[in-house]
Amino acid sequence: MSTRKSAKSRPIIKRFCHHKAAVVCLVILAVLIGMAALAPVIAPYEPTKPTGKFSQPPTPEHILGTDKIGRDMYSRILYAMRVSLLVGFLATLISTAVGVILGLVSGYFGGAVDKAIMSFTDMVMSFPYILLVLVAAAIFQPGMWSIVLILGFVDWPGVARLVRGNVLSLRETNFIKSDIAAGMPRRYILFSEILPNTVAPVLVFATSVFALSILDEAALSFLGMGVQKPTPSLGNILEGAESLSVLTDKPWLWVPAGTVIILLVVCINFVGDALRDSFDPRNEE
Amino acid sequence: MSSMPVLEAKGLCKTYKVSGENSLFAKTFSAVKDVSFAVYPGETFGIVGESGCGKSTVARLLMCLEKPTSGEVYFQGQRTDNVPEAQRRKLRPRFQMVFQDSGSSLNPRKRVGDLIREPMQYHGLGSAKEIDARVEELLSLVGLPAEMKNRYPHEFSGGQRQRICIAKALSLNPDVIVLDEPVSALDVSVQAQILNLLRDLQEKLNLTYLFIGHGLGAVHYLSSRIAVMYRGRIVEMGGSDALFDHPAHPYTRALLDAAPVADYALRGRNRVSLSGEVDEEPPDGACPLYARCPYRTEECLRFKGEMTAVTGDETHLSVCHRAWEG
């Protein structure tokens, strides 16, 4: 059955490669993720232990300098990427799972169930987002796992709406009608017919949720409600930038972490865009 | 025709809400009004009418894809429209449907072989090996090479896809197949191939068809009996030839006369043509064709909707009180 995969996925890869920027972004992402994964191997110092002078500019020993209590910035950023990527990934996983399930149920069963779920979705969406996250972070103990859960349960409405819309339009197609006419059970229609036809748009949407989660984690940690020190995260490394003198005189304390955030978010979004185009068979030349 | 009908509609009505679905003042539209007919084993029952006359709605009601507002649907004497889906599911393989748009009738993400195989597997129609063999047999039955089972629907032409849909419908060994405008979306040359295929299959497998179409030629070619629908009602019903040779309802006559004729000798004949458009509302209580009919009389304002036999032929029914004089 090896032909099965290649026959279908090859045009997707081909169309993806037409986006030069996305290919470059994919490479950058791979490098960053690789560095994060190999952090324990390639980091020169312990990320949580002071190993040099306070707030030292970059030197051959500490290539990105040290922070205000003397920890190696390069090692901290490597570990911070692990935390940020992990938070982003897990939050995306949770919100996508919640969104897909609620969207499927809402779209397929319709009626009162649909109304209830969609009203709840609108409610979550209309809530001031960052406030909700801050309040939740204040109520639960701040930390990596609460961030994952909070972001996961805040980001799903977009996915739920997307899936619901897709299910609604698929439900009216003749192939679902002919499944019903053939007496196929509900679980077959939902999981074997409808779900595979919504995977592509969901996957694309999930990439933007991923980027968003990384940004939200950074914002929360920057505000002190996220990942707690001494565990490094891209957000709490930026904390130093709260002071004006650091912003103007000690760029090594915030430029590298900021750059990594921008790179991650931009690259993930570009890859998502290219994925959307390449999943659409109408883009065949 | 004394045997039990395979499919039967009794007084089917379907109304849709058209505007402000949840408002108290929602307007309703009657797509199907008091439609009754029976399809007997081995025959092809045709339903013909213009777009929007409710013929596809009738198909969906018979297939229990929608619930009728009132009226009853029977499959081989068993009521099907008001039983729970779980119970109906066991019966469903025996009445199958082929849709007009073959492009959206097949899941684009599955191979043709899997599309045909999965319903058979679910209904337990044999071991994996038997089903595999059956898939190939079905494909060759509808005139496609068996190797094509490994392809995806978008790799086929419209006519080929329609053949796949027919194979899929046949896979469950149905007693009756509802064909909802199966050739309307196809090229004329391909239409003929599909119609011939349907006719051959009927002979070979002793199938019963309910054929729905707006092309008179196609319906006449396949059907032994025909019902003509106008504005949600059956206005005339009868044997295919009787209906074509002696149409008893002005609408049927207009429909037949509207078809282009190649024969010059027939061109000068006395044609019936309707004025106005389909959406012209008849006055309350009048015959649905009242506003457009060139033969209307005072009596047509008191429309009863009863089918009466045309003189000399008890199987030929019409709602027109004038029971066509000619």
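Me: How much of chain A counts as buried, and what makes a residue buried?
Reply: In this predicted model, 39% of the 285 residues of chain A count as buried. The C-alpha trace of chain A spans about 75 × 45 × 30 Å along its principal axes.

Me: What secondary structure does chain A have?
Reply: Chain A has 14 helices and 0 strands. Read from the N terminus, its elements are α-α-α-α-α-α-α-α-α-α-α-α-α-α. As for contacts in chain A with a separation of 6 or more, 69% of them join residues 24 or more positions apart.

Me: How do you know that the span of helix H8 of chain A is close to the expected one?
Reply: Helix H8 covers residues 156–171 of chain A, which is 16 residues. The expected span is 1.5 Å times one less than the number of residues, and for H8(A) that comes to 22 Å. From first C-alpha to last, the helix reaches 22 Å, so the value is close to the expectation.

Me: Which residues of H8(A) are buried, and what do they pack against?
Reply: Among the buried residues are A:Trp156, A:Pro157, A:Val163, A:Asn166 and A:Leu170. Two arginines, A:Arg161 and A:Arg164, are also buried. The buried residues of H8(A) pack against helices H4 (73–109), H5 (111–126), H9 (174–181), H10 (186–194) and H11 (199–222) of chain A.

Me: Why is A:Gly143 called partly exposed?
Reply: A:Gly143 has 14 C-beta neighbours inside 10 Å. Buried needs 20 or more and exposed needs 12 or fewer, so a count in between is called partly exposed. A:Gly143 therefore counts as partly exposed.

Me: Where is A:Gly143, and what is it in contact with?
Reply: A:Gly143 is in the loop between helix H6 (129–139) and helix H7 (144–152) of chain A. Apart from neighbours within four places in sequence, A:Gly143 is in contact with A:Val227 and A:Gln228. Its C-alpha is separated by 9.2 Å from that of A:Lys229, 86 residues away along the chain.

Me: Why is B:Ile234 called buried?
Reply: B:Ile234 has 29 other C-beta atoms within 10 Å. The cut-off is 20 or more, so B:Ile234 is buried. The residue lies in strand E10 of chain B. Leaving aside neighbours within four places in sequence, B:Ile234 is in contact with B:Val35, B:Phe37, B:Ala227, B:Val228 and B:Met229.

Me: What makes strands E9 and E10 of chain B a pair, and in which sense do they run?
Reply: Two strands pair if there are at least two bridges between them. E9(B) and E10(B), residues 233–239, have 6 bridges, in the antiparallel sense. B:Ala227 stands opposite B:Met237 in E10(B). The two strands form a hairpin with 2 residues between them, and B:Arg231 in the turn has a positive phi of about 50 degrees.

Me: Which other strand pairs with E9(B)?
Reply: Strand E3 (residues 44–48) of chain B pairs with E9(B) in the parallel sense, over 4 bridges. Here B:Phe45 stands opposite B:Arg225.

Me: How do you know that E9(B) is mostly covered?
Reply: Of the 6 residues in E9(B), 225–230, 6 are buried. B:Arg225, B:Ala227 and B:Met229 point one way, while B:Ile226, B:Val228 and B:Tyr230 point the other way. In a regular strand the side chains alternate between the two faces of the sheet.

Me: Which residues touch the most other members of the largest nonpolar core?
Reply: The core has 143 residues, and B:Leu62, B:Val178, B:Leu210 and B:Val228 touch the most other members. H4(A) gives the most to this core, with 15 residues.

Me: How many residues are in contact between the two chains?
Reply: 18 residues of chain B are in contact with 14 residues of chain A. The side of chain B that touches chain A divides into 9 nonpolar, 5 polar and 4 charged residues.

Note on methods. Residues are numbered from 1 along each chain as its sequence is written. Chains are lettered from A and ligands numbered from 1 in the order in which they are written. This is a predicted model: local features need pLDDT of at least 70, side-chain atom pairs count only at pLDDT 80 or more; totals for chains, interfaces and linings use all residues. Two residues are in contact if their C-beta atoms, placed from the backbone, lie within 7 Å. Ala, Val, Leu, Ile, Met, Phe, Trp, Tyr, Cys and Pro count as nonpolar, Asp, Glu, Lys and Arg as charged, and the others, Gly among them, as polar. A nonpolar core is a set of buried Ala, Val, Leu, Ile, Met, Phe, Trp, Tyr and Cys residues joined through C-beta atoms within 7 Å.
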